Amino acid sequence: METLEYTDVNAHIVARCKEGDRKAQYELYKLYSKAMFNVSMRITNDYTEAEDVLQESFLSAFKELSTFKGDSTFGSWLKRIVINKSITKVRSRRLQVVPMEDYMEVADDGPDMDEEEMQYKVESIRRAIQKLPDGYRVVLSLYLLEGYDHGEIADILSISEATSKSQYSRARKKLLGLMEEEAFLA
């Protein structure tokens with residue numbers, strides 16, 4: 001079987017950064033800062049903390065750039081740094097992840113989304129996500145928005161895969177409830 005080799009389109013900029021080129025660092029910052037800020041904002045739900053995480057993440061990335069081996073894209077490597085720093089920030093606010101064992105209910109997928117639910121405006125969904133408790137919002141963001149599976153989320157958050165599924169299920173139900181309330185109030 002033939003394997004396809006992936007080439008990072010920004011590898012030449014990363015190479016210049018490794019040589020200490022400050023303009024290249026600025027180019028990488030311009031390329032990734034907005035997306036990384038959005039990733040952090042979804043997890044921290046705090047503009048100031050997301051800005052801090054963004055700054056800390058780029059400083060860490062540039063400081064540790066020599067350890068970047070290029071076996072993934074720079075963007076995915078940086079995103080992992082941003083996610084880890086965002087989670088650390090949320091945990092510093094005493095993130096409360098409820099262990100699955102405390103609730104013997106089985107995680108389910110919740111109600112199916114129908115066409116009417118899909119018509120909610122993006123802004124109302126974003127507002128509803130911001131209202132979720134930290135633990136729910138982090139798991140929901142990592143699963144739905146960042147594309148991690150429950151095993152990866154379990155590793156990132158140092159929780160069991162079952163807890164990740166449970167948190168996701170509860171977050172989804174809570175989110176639907178918040179969106180229904182908002183629709184009712186609108």
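Student: How do you know that helix α2 and helix α4 pack against each other, and at what angle?
Tutor: In this predicted model, helix α2 (residues 22-44) and helix α4 (residues 74-92) pack at about 35°, and their axes lie 9 Å apart.

Student: Which residues in α2 and α4 meet?
Tutor: On the α2 side the list includes Leu28, Tyr32, Met36 and Val39. On the α4 side it includes Phe74, Leu78, Lys79, Val82 and Ile83. Contact requires heavy atoms within 4.5 Å.

Student: Is the crossing of α2 and α4 left-handed or right-handed?
Tutor: The crossing in which α2 passes α4 is right-handed. That term applies because the near helix is turned clockwise from the far one.

Student: What makes the pair Arg42 and Glu146 a salt bridge?
Tutor: The N to O distance between their side chains is 2.7 Å. The cut-off is 4 Å between a side-chain nitrogen of Lys or Arg and a carboxyl oxygen of Asp or Glu, so the pair qualifies.

Student: Why is this pair said to tie parts of the chain together?
Tutor: Arg42 belongs to helix α2, while Glu146 sits in the loop between α7 and α8 (150-157), so the bridge joins parts 104 residues apart in sequence.

Student: What other salt bridge does Glu146 form, and with which residue?
Tutor: Glu146 also bridges to Lys79, with the closest N and O atoms 3.0 Å apart. This pair links distant parts of the chain as well, since Glu146 is in the loop between α7 and α8 and Lys79 is in helix α4, 67 residues away. Lys79 has a relative accessible area of 22%, so this residue counts as partly exposed.

Student: What makes Arg16, Asp21 and Glu27 one network?
Tutor: They are joined by salt bridges that share partners. One of these bridges is Asp21 with Arg16, where the closest N and O atoms are 3.2 Å apart; this is within the 4 Å cut-off, so the term holds. The structure holds seven salt bridges.

Student: Which residues form the nonpolar patch on the surface?
Tutor: Tyr143, Leu144 and Leu145 form the patch, with about 250 Å² of accessible area together. Tyr143 is in helix α7 (residues 134-145) and is partly exposed at 30%.

Student: How many helices and strands does the protein chain have?
Tutor: The chain has nine helices and zero strands.

Technical notes
Residues are numbered from 1 along each chain as its sequence is written. This is a predicted model: local features need pLDDT of at least 70, side-chain atom pairs count only at pLDDT 80 or more; totals for chains, interfaces and linings use all residues. Side-chain values use heavy atoms; hydrogens and water are left out. Patches are made of residues with over 30% relative accessible area and no salt bridge: like charges are joined within 9 Å, nonpolar side chains (Val, Leu, Ile, Met, Phe, Trp, Tyr) within 5 Å. Accessible areas come from the Shrake-Rupley method with a 1.4 Å probe; for residues, only the protein chains shown count as cover. Helices (H or I, at least four residues) and strands (E, at least two) are DSSP runs, numbered from the N terminus. Buried means under 20% relative accessible area, exposed over 50%, partly exposed in between (1.4 Å probe, protein chains only). Axes are lines fitted to C-alpha atoms, for helices over the stretch in contact, and angles run from 0 to 180 degrees between N-to-C directions.
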